Amino acid sequence: YLEGEHDFRNFCKIDVTNVKNFKRIVNKVRIQPCNEDESPYANQLYYLEVTGNAFLWHQIRCIAAVLFLVGRGLEKPEVVKELLDIETHPGKPVYKLAADTPLMLHESVYNDLQFHYDPEVIQGLYLKLENRWKNFSIKASMTKNVLNFIDFNIVTTGDTKAWRNHKDRKTLECDYKDACSSSIGKSGYTMLRNRRKCGTYEEKVKNLSDRKREKANRVHGWDL
């Protein structure tokens, strides 16, 4: 549903003083494993890759947040199509952004433009990143070693099946805590279509202060 040209105003944070057009072209969306791990108890990492011609403010984090809800079974995949229908959903439902920690601009490509790099600068950057990767790899290996020790040495008595179920449940809660914790309260989960809506673009423009209107006119030449 995400690929192609769509109005993504329900998948971004609307900034009426800088953006009037919320249509963007998404060329490709895919979910890929970060690495291969044959351990049956490993928490496999996946990444969401989105390729497009331009992105709105918080667009990728909004997309990831909704996909997390779909992945948990709280929303159907069709909710993405619903939110892209601006006639039916002119206002964005309130939901928490996905965490910004794993967000990364991987590559920028321009037609008829070739970048030139200073070898010394690239070497310095490479060594710095390699050192960071080594440090995190050591810490990750140490943590995984303790997890394996608990799995195969300590948990040898009692109801192992209950332990596995308990561990899996806790892992699920932690995996999606940053993206979805605010979506599930004591009263249960509220579907996106039934949530309170943010103000529409037209409502935000109507409520804009004179100072911000003047700024938009001065910077962009817009008569809001």
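Which side chain does the side chain of Thr 17 join in a polar contact? The partner is Asp 15, at 2.8 Å. A polar contact here is a pair of N or O atoms within 3.5 Å; within protein, one must be able to donate a hydrogen and the other to accept it, and residues adjacent in sequence count only if both atoms are side-chain atoms.

## What you're looking at

This is a predicted model, where local features need pLDDT of at least 70, side-chain atom pairs count only at pLDDT 80 or more, and totals for chains, interfaces and linings use all residues. Residues are numbered from 1 along each chain as its sequence is written, and side-chain values use heavy atoms, with hydrogens and water left out.

The protein chain has 7 helices and 5 strands. Both kinds of element are DSSP runs numbered from the N terminus: helices are H or I with at least four residues, strands are E with at least two. Starting at the N terminus, the order is β-β-β-α-α-α-α-α-β-β-α-α.

pLDDT is the predictor's confidence in each residue, from 0 to 100. The protein chain averages 84, and 81% of the residues score at least 70. Strand 1 comes out highest with a mean of 96, while helix 5 (residues 177-180) is lowest at 49. Over residues 179-183 the pLDDT is below 50, though this stretch still has 15 contacts in the model beyond near neighbours in sequence. Where pLDDT is low, the predicted coordinates should not be read in detail.

Three strands make an open sheet in the order 1-2-3, with antiparallel pairing. Two strands count as paired if DSSP finds at least two bridges between them. Strand 1 (4-7) and strand 3 (46-52) are the edges, each pairing on one side only. From one strand to the next, the twist averages 45 degrees.

Helix 1 (residues 59-71) lies across strand 2 and strand 3, at about 135 degrees to strand 3. Axes are lines fitted to C-alpha atoms, for helices over the stretch in contact, and angles run from 0 to 180 degrees between N-to-C directions.

## Two buried threonines

Back to Thr 17, which sits in the loop between strand 1 and strand 2. Thr 17 counts as buried because its relative accessibility is 12%; the cut-offs are under 20% for buried, over 50% for exposed and partly exposed in between (1.4 Å probe, protein chains only). Leaving aside neighbours within four places in sequence, Thr 17 is in contact (heavy atoms within 4.5 Å) with Leu 208, Lys 212, Ala 216, His 220 and Trp 222.

Thr 200 is in the loop between strand 5 (188-189) and helix 6 (201-206). Thr 200 is buried too, with a relative accessible area of 12%. Not counting residues up to four places away in sequence, Thr 200 touches Pro 90 and Gly 91.

## The chain as a whole

Buried residues make up 23% of the 224 residues. Of the contacts with a separation of 6 or more, 66% link residues 24 or more positions apart.
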